[in-house]
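Thanks for coming. I will take a few minutes on one structure, so please have a look at it first.

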Amino acid sequence: MNGIYEVMEKLLPFSFLQYTFMKNALLAILLITPLFGMLGTMAVDNKMAFFSDALGHSALTGVAIGVVLGMQDQMIPMLLFGIVWACLITFVKQHSRMSADTIISVFSSASIALGLVILSRGGAFARYSSLLVGDVLSVTAGDLPLLVLALLLVFVCWTILFNPLLLTSVNASLARSRGIRNRLTEYGFTILVALCVMVSIRWVGVMLINSLLILPAAASRNLARNAVSYLWGSVLISLICGVAGLILSYYLNTSAGAAIVLLCALVYFVSLPLRRR
Amino acid sequence: MNNPKKPIPVPVPGSPRELAACRLCRIEVDHLSVKKDGQILIQDVNLHIHCGELTALIGTNGAGKTTLLRALLGQIEYKGEVRHLTGDGRPAAAVRTGYVPQQLEFDHSSPVSVLDFLAAAFSSRPVFLGISRKVREMARNALMRTHSEHLSNRPLGALSGGELQRVLLALALTPQPDLLILDEPVSGVDENGLETFYQTVSELKKRNHMAILLVSHDLDVVRRYADRVVLMQGTVIEQGKPETVFASEAFERVFYSREGRE
């Protein structure tokens with residue numbers, strides 16, 4: 001770890017990097033943002049913005065379940081609950097004729113309510129309110145390996161899922177005629193999104209996590225003309241906004257997550273009039 | 001899903017493989033019925049589809065044409081039998097089906113180029129990691145067969161109806177199918193695009209001797225391009241040469257008496 005820190009100090013001799021928490025935060029951002037930039041493209045293409053929002057909310061329930069079970073670290077229950085919840089929403093969506101946004105809304109409210117009921121028992125919610133906003137500056141060196149693992153795992157799954165997802169997003173029936181199993185692909189993708197949301201929710205926060213997924217992809221979509229520039233554009237926007245937002249928040253003394261999302265939104269608004277067609 | 005280890009054979013235009021006749025001679029549909037939620041969608045459908053012929057399915061909305069297509073595509077469960085036979089009447093192995101859907105409904109703002117789209121279907125290497133030269137070549141050959149190689153870098157959403165259908169046809173032709181299913185392929189396409197599309201289909205039929213099944217509401221197109229016509233209304237109520245079916249009493253009943261069309 002120290003080696004990495006030294007390299008960072010040599011390469012980036014800026015005053016804000018003299019603190020270890022800033023170094024950790026920067027590393028975390030370099031790991032998290034490309035993930036969201038990547039997955040965001042298909043979340044936008046498959047009209048799943050609302051779905052990922054609901055997933056973010058379910059983190060609250062995951063933590064609550066961990067608390068009930070008396071666990072110290074709530075990452076495992078959060079991950080498990082997120083994946084189960086994502087699959088459940090997808091299952092109901094695939095097997096019901098009700099419109100997707102109604103179903104998602106029901107699941108989203110149910111999970112927030114359940115999480116709040118458990119966590120607020122005895123007026124103790126204040127302890128968990130940091131989960132709502134998140135704090136990337138609280139990343140420790142011990143948290144980083146998990147993020148590296150998540151990045152690698154998601155990237156590998158992503159390379160397998162990308163082409164089927166692309167075809168499905170254009171037309172599901174056509175994709176099926178080419179032997180693609182749409183439903184399986186959809187489950188795979190939702191599990192990936194759940195995974196990413198859960199490993200980074202503590203740093204980004206329930207309220208902002210979805211913006212990190214949707215905004216860079218939405219901005220890149222306005223500018224791109226093909227799948228390659230769309231995906232890498234989205235990754236680049238997330239990375240730049242992530243790093244710039246962190247630096248900005250340091251000098252302005254504000255929440256880093258909020259600064260990052262604000263920059264993403266800015267890029268989106270700039271990209272809007274540049275939209276092709 | 002496409003097997004990543006086995007590359008899809010793409011016939012180079014004019015090559016022996018492309019000119020080779022398909023391995024299939026005819027498809028026999030025998031007492032095929034489809035039920036959904038206790039409701040009978042189609043019942044006791046019997047028909048033969050021959051290679052080197054364009055068979056047109058006609059009928060009013062709800063006659064079960066699309067249901068039959070979906071059964072043939074293996075997308076829904078059915079009762080009855082679908083036999084794929086070779087010239088000498090033996091079962092044909094591994095029949096490939098190409099499918100051109102109805103006018104695609106998709107998000108036209110999606111940044112997917114024609115090349116991205118074809119590459120995603122042809123290869124398992126994720127498109128965002130770049131498209132290999134081999135796959136580019138495959139896509140170009142596929143597009144050449146439907147005279148649309150110039151569309152390669154255009155976004156899908158920027159294509160006209162006719163251009164899009166030709167791209168979809170190029171996709172359906174790779175890998176070379178034995179049976180090509182066209183579901184109302186040119187609804188909303190202008191006169192010119194429609195003509196080009198069916199010219200291309202006729203060419204393919206002659207060149208590759210493939211079986212083509214077409215669903216269309218455009219009786220004029222059917223009259224001009226179909227070799228055989230199958231009239232459906234929950235089941236097959238008339239089939240044969242176009243002029244025979246068009247002159248039949250059943251045709252009269254379905255298309256004239258009820259709605260007074262044409």
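I will go through a chain contact, then a strand, then a pair of helices. Keep in mind that this is a predicted model.

Start with the contact between the chains. Chain B puts in 26 residues and chain A puts in 28 residues. On the side of chain B that touches chain A, the largest share is four residues from helix α3 of chain B, residues 114-122. By class, that side of chain B has 18 nonpolar, seven polar and one charged residues.

Now the strand. Strand β7 of chain B covers residues 211-215, and five of its five residues are buried. In a regular strand, side chains alternate between the two faces of the sheet. Here Ala211(B), Leu213(B) and Val215(B) point one way from β7(B), while Ile212(B) and Leu214(B) point the other way.

What does β7(B) pair with? Strand β3 of chain B, residues 54-58, pairs with β7(B) in the parallel sense over four bridges, and Ala56(B) stands opposite Leu214(B). Strand β6 of chain B, residues 179-183, also pairs with β7(B) in the parallel sense, over five bridges. There, Asp183(B) stands opposite Val215(B).

Last, the helices. The axes of α5(B), residues 161-172, and α6(B), residues 191-208, come within 9 Å and cross at roughly 15°. Angles under 35 degrees count as roughly parallel, so α5(B) and α6(B) are roughly parallel to each other. The crossing is right-handed. Among the residues that meet are Gly161(B) and Leu169(B) in α5(B), and Gly193(B) and Phe197(B) in α6(B). The residues of this helix contact divide into three nonpolar, six polar and one charged.

That is the end of my part.

Definitions and conventions: Residues are numbered from 1 along each chain as its sequence is written. Chains are lettered from A and ligands numbered from 1 in the order in which they are written. This is a predicted model: local features need pLDDT of at least 70, side-chain atom pairs count only at pLDDT 80 or more; totals for chains, interfaces and linings use all residues. Two residues are in contact if their C-beta atoms, placed from the backbone, lie within 7 Å. Helices (H or I, at least four residues) and strands (E, at least two) are DSSP runs, numbered from the N terminus. Ala, Val, Leu, Ile, Met, Phe, Trp, Tyr, Cys and Pro count as nonpolar, Asp, Glu, Lys and Arg as charged, and the others, Gly among them, as polar. A residue is buried if 20 or more other C-beta atoms lie within 10 Å of its own, exposed if 12 or fewer, and partly exposed in between; C-beta atoms are placed from the backbone. Two strands pair if DSSP finds at least two bridges between them. Axes are lines fitted to C-alpha atoms, for helices over the stretch in contact, and angles run from 0 to 180 degrees between N-to-C directions. Angles under 35 degrees count as roughly parallel, over 145 as roughly antiparallel, 65 to 115 as roughly perpendicular and the rest as oblique. A crossing is left-handed if the near helix is turned anticlockwise from the far one by less than a right angle, and right-handed if clockwise.
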